[in-house]
Amino acid sequence: MEVSSMSWFNRFARGGRSSRSARKSNTRRDRRLGVETLEDRRLMSVAPMASASDLMAASREAKAFMADPVAAQAPVSLLVRGQPVHSLDLHDGDTDVVLGEYLLQARQTKPLNLAGVYIIPAEGSASLALSVSTLSFMGDMDGKSWNGCETLLGTGVPDPITGLVHIETAGEYWLRSSRPVRTQVVADMNDSLPGGMLGVELVAVDAYTVRGQQVPDEGIYFTDSDPTMHLLVEEHATLGIVVNGPASQVYATDQQDAVLANVTYAASEAELLKHQYVLVEAKTPTGEALAGGIASAMKGVELWNPVTGRTVYGVRLTGLGDKGTVMPDGNTVSTYQVYRFDDILMKGGTETWQVRCDFVGGSAIPDGTQFRAWVNVATTAQSTCGILPATAKYDLQAVEWDSGKVVETDLEAGALAGNLHAVAAPHLSVQELSGPAAGTAVANEKNVLLGRFEVRAEVKNVLLTDVHIVASQGDLRNTTNWKVWFDTDGNGSVDTICGTGYYFNNPLVRFEFVNGGIVNVKEETVLYEIRADVAGSLMPDPRLQVSISYIAAETVDRGTALGQDQITLTSVPQTLLSFVECGSLYVSQDVLLLDAQQVLAGGQSVDVLRVKMTATEEASDVTKFTLYVLSGQEGAIDRFELAKPGAATYFAVATMANTGMDYVPAGYTAFTAKMQSQQLIVPEGGDQTVIVRVRPKSEDNGAWPNSLIQPRILPDAVISTMTGRGAIHARGLDSSNTLAGNDGTATPGVGTVILGRTDSGPNQEIVSAENLLVMSKLANVVNAGPAEDVLTAGVTEVGRWTFTAMTNVNTRMGVDTWEWDAGTIWVHMANASITRSSLTLYNMANANMSVSTFDVLDMDGNLITSEVLTGDFRLWFHDISWGIESELHSGEAMTFALRGVVADANINAAVDSVLEASLDLENGFLWTDWDLDTSLTMLGSGLKGVVNSTRRTN
C-alpha cells in the first residue's frame, strides 16, 4: 500500500505529539504529526492537553510493557526501540553515514510485514533537505551481527519543504516476535553543508498482518532515548602556495622564457586570484644598483602554466615604492621591481605556474648579475613583498569562484623567495687531452689519432663552427684525409664523423663541419678526436705533433658569434708521431718447446716445431714461410703443414715444389709455403703461434728407418722478392710495403724481419729437436688391471699393461712389426714384502712362458741382491723378447703382466700396506723395428712418462 507524504499528513492530523519530557521518560504512547495548514510549510503539534489521570495510566502501562512486553496487556502489535549511535562530524560529500538506529519487533506471535517508515528532522536539527541527498533504511535481516545491517530495505529523499522522508521497502520483510530486527537510517551527505547539528527521528511505521490488514497507529509503540545529534562541518575554500625551485641556473644575457620560480597553488575548489604580487630582485656582482633598473634588464614578465599553456602577464607597477633600490643586508644594494598579476583562475586541485621573463641582452646586465622572484602569499597586511616593509598594498586577494567569498591562506610569511639565478654571457671551454708522449705509425695507415679534445658549453647551447690545427713539430703533409670524430652517446668513445679538414695554408689544416657546425648542449662535455691517414710518401721530417690554433663558435638560438674572450682554449702537448715505411716482424721459437719424436713413416702429421711471431707498428701479412732440412733428410718428408693453435686443419702447406726457383743455401733442402690470400696475419702488438707438423713419407715411397727429421728456419739477413732469398717474407697490412731483412746490427731498423729472437740484434737460427723416422711404433700403453685391489699374501699379480701398436703401411719387405726388448718397472711396496725369485714377466696370452732375468736396483741405481724385497725398488727386465712373445704386428695389442709371491702382506698390523707397480716408458726401454730382412733397435718407447697399474692395499 503506497502512502504519499500528503496522505500521511492527513492521516495523522487528528493526533497529537507527546512532550519532550514524555519521550525522555519512555512513556510516549502516541506520536502524531499535525499540520495547521500546508501553506505554513512547517510542522506543529495539534494534540489536546492530556489529563493527569491519563498520563499516570499511560506511565503504568509503559512500565509494565517494558518489564515484560509479551505479557503486558496492551493493544500493541509492533514495538520500535530507538538506539543511540556514535556522534559524528559530517563533511561535504560523506557517504554511508549512520544517523540513527532502531530495533523493530512484532508484539504478537504472528509476523508483521514491514512496508515503510517515516523519518523527520530531530528537534534542533538542520534541514534534511539542505543536508542529505539520500536516506537509506538498512536492516540486519540474517541475524548475523558481525556483518552489520546488510540488507537495503529501501531509500528515500527529503521533501524539499517539510524535510519529511518516506521510505518504502523494496520487498517483503517480516518482523517476528522471536527476535528484534536491528535497522539503521544511513545518509549520503550533500556536497555543500549548511552547518549546525543534524539528527533524525523515526516517527511512523507502515506494517501489515499476514492477512494484509494495516497495523493501526495505536498498535505501534515507540521507545527511544534522545536522537543522536551530529555536527555539520561547513567547508571553506583553502589555498596553499609553495615556491619550489628551480635550482639555481645560469641564464644567458639574452635568454628567452627564463624561469625565476616555480609556484605551486593548491586550491580546495575553484578560486579566482584577483591580485597576485611578485617582486623581482637583482644583485650585481659589484654590489651596486642595476643601471636603468629591472625594466632595463628584462621584459615579458609572466605567470605561465606549463600543463595548460595558460599565460597571465604581469603589470609593472610604477607607483611610489613599487620600484627602486634597497640595502636588505645593510651592505649590498638590491634593485627591485613589483609586478601585479590579475584574475588567475584556479580550477581546484594542484597547479604549478612559472614566473618567467625575457632578458634583454646587451650591456644592460653586467656579467654575473643575480636575479630572483619573491611571491606574496599572505592575505593580510603581513605582506612584505620580500624585501620591502610590511604593507597591505601587495596582499594576495583570492575569492571563491562560485560564492565570491574571500579566501585566506594560512601562511604567516609575507612572501616566498625563489632561488638566485645568475645571468652571464655564453661561454665555450675547449680542453686538449694529453696522450702518450710518442707513438709510431706506418705509411698508408688509416684513421691514425692525431689529437683529442673536450668541448663544454656554458650558459646556453653553442654551435662549434670552426677548428684549425697546426703542426707543433714535424710536417702536416705526412698525413692526409683529415677528419673530426665526436662522441654522440656520451660513452667516452667517438663514433661519428662530424667534420672534414683541408690543407688551408702551411702549416694549417682547417675543418668544415657537417650542417655548418656541431651543437654542444650546455652543461654537457663532448669528446672530439682529430684523425687522419698517413701519406704513402713521407716528408724528409717523418714526424707530426698537432695542436689547436683557433676555435670559432656561435649561439644556437640566435646565431650570435662568440667573441674570443668567450672561448677558453687550454692546450697540452699531443702525441708526437713518428712515421715509418712499414712495421717489423719478430720470429722466434715458442717458449713451449717440443721434445724429440718418433715419427711413424706413412703415418699422421706430428708436431715438430712451434714458432712465435710478433708484429710491431702494424699488423704483418706473412707471404712466405720456408723450412729447411739438411740435405739427405728430405727423403723422409712428404711435406710440412702449418697450423694455428686450436685449429682443426692447417692453413698452409710447405713443399719442395713450392720452393721453385727460390734461392736455397748449399747443403739444405727447402720446403716453402707461399701465401697471397692473407692466410697468416700477425696482429699489431700481438703474438701469433704457428705449429709446424711433418707429414712423413712411407717406406714404400722411399723413407728409411732412423732417418733424421729436423726442420729449421735459417737466419739469412737478406730478403729479396726477386731471388726468393730469405726464410720469412712479409708485408705491412696497413702500409702494403714489403719488410726488409735484418741488417744484423744490434739495433735493426724499423720495417724488418728479425729471426730467432724477440728483441733487437742479429738473426739467429730456429731449429727443432732431432726427430727419428720409424717404420713401426707404439700407439699407447695402458693399465690392464683394476684400478685398486686388496693386497694378500701368496701369488699376486703385481701389475698388468696392454701395449697397442699403431697401424703402419710400411710393406716394402713385409709389414714392419714392433718388438719389446727391455723395460723398467718401478715397484712401490710399504709394510709388505715380496720374494725376489718369484717375480716373473709374462705375456697373458701364454702364461707358460715368462722372463725371470732382471736386475733389482734401488732408487739410486745400486744393485739389490736380497731375496725378500720391500720398500721402493725397480726391476730392469732385459732379453724380454728371448723369453716371451713380445712382437706386435700393425695395429695389434698385447697384454703383459708382472707376477710374484707376497711373503708378508702386513708386516705391522697397525700400519696400512701398499703395493703398486709402474711401467717406465722412457728410461731403460728398448724395442726393435723388424721387417723381413732388416732390424733396428730403438731407445725409448716414443711415449712419455710412466703407466701405473693396480694399487693394492691392506
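## Nonpolar cores

In the largest nonpolar core, which has 46 residues, those that touch the most other members are Leu 585, Val 587, Met 613, Phe 625, Phe 640, Ile 713 and Ile 728. A nonpolar core is here a set of buried Ala, Val, Leu, Ile, Met, Phe, Trp, Tyr and Cys residues joined through side-chain atoms within 4.5 Å. Buried means under 20% relative accessible area, exposed over 50%, and partly exposed in between, with a 1.4 Å probe and protein chains only. Strand E42 gives the most to this core, with six residues. Another core, of 41 residues, lies apart from it and includes Val 798, Phe 803, Val 851 and Phe 877. In soluble globular proteins, nonpolar side chains tend to be buried together.

The model is predicted: local features need pLDDT of at least 70, side-chain atom pairs count only at pLDDT 80 or more, and totals for chains, interfaces and linings use all residues. Residues are numbered from 1 along each chain as its sequence is written, and side-chain values use heavy atoms, with hydrogens and water left out.

Strand E48 (residues 687–696) is largely enclosed by the rest of the structure, because eight of its ten residues are buried. Strands (E, at least two residues) and helices (H or I, at least four) are DSSP runs numbered from the N terminus.

E48 pairs in the antiparallel sense with strand E42 (residues 606–616) over eight bridges; two strands pair if DSSP finds at least two bridges between them. Within E48, Val 690 stands opposite Val 611. Strand E44 (residues 637–643) is also an antiparallel partner of E48, over six bridges. Here Phe 640 has Val 694 of E48 as its bridge partner, and Phe 640 is also one of the residues that touch the most other members of the largest core.

## Salt bridges

The whole structure holds 33 salt bridges, each defined by a side-chain nitrogen of Lys or Arg within 4 Å of a carboxyl oxygen of Asp or Glu. One of them joins Asp 254 to Lys 460, with the closest N and O atoms 2.8 Å apart. This pair links distant parts of the chain, 206 residues apart: Asp 254 lies in the loop between strands E14 (250–252) and E15 (258–267), and Lys 460 in the loop between strands E30 (448–458) and E31 (462–474). Both partners are buried, Asp 254 with a relative accessible area of 11% and Lys 460 at 4%.

Asp 541 and Arg 543 form a salt bridge at 2.9 Å, N to O. Asp 541 is partly exposed at 29% relative accessibility, as is Arg 543 at 28%. In the salt bridge between Asp 716 and Arg 725, the N to O distance is 2.6 Å; Asp 716 is buried at 18%, whereas Arg 725 is partly exposed at 28%. Salt bridges that share partners also join Asp 254, Lys 460, Asp 557 and Arg 558 into one network.

## Lys 777

Lys 777 is found in the loop between strands E55 (771–774) and E56 (778–783). Lys 777 is buried but has no salt bridge, and the nearest side chain of opposite charge, that of Asp 607, is 11 Å away. For charge, Lys and Arg count as positive and Asp and Glu as negative, while His and the chain ends are not counted.

A polar atom of the Lys 777 side chain lies 2.6 Å from the backbone oxygen of Gln 598. Leaving aside residues up to four places away in sequence, Lys 777 touches Gln 598, Leu 600, Ala 805, Met 806, Trp 818 and Gly 942, where contact means heavy atoms within 4.5 Å.

Technical notes
Polar contact = N/O pair within 3.5 Å; in protein donor to acceptor, adjacent residues only side chain to side chain.
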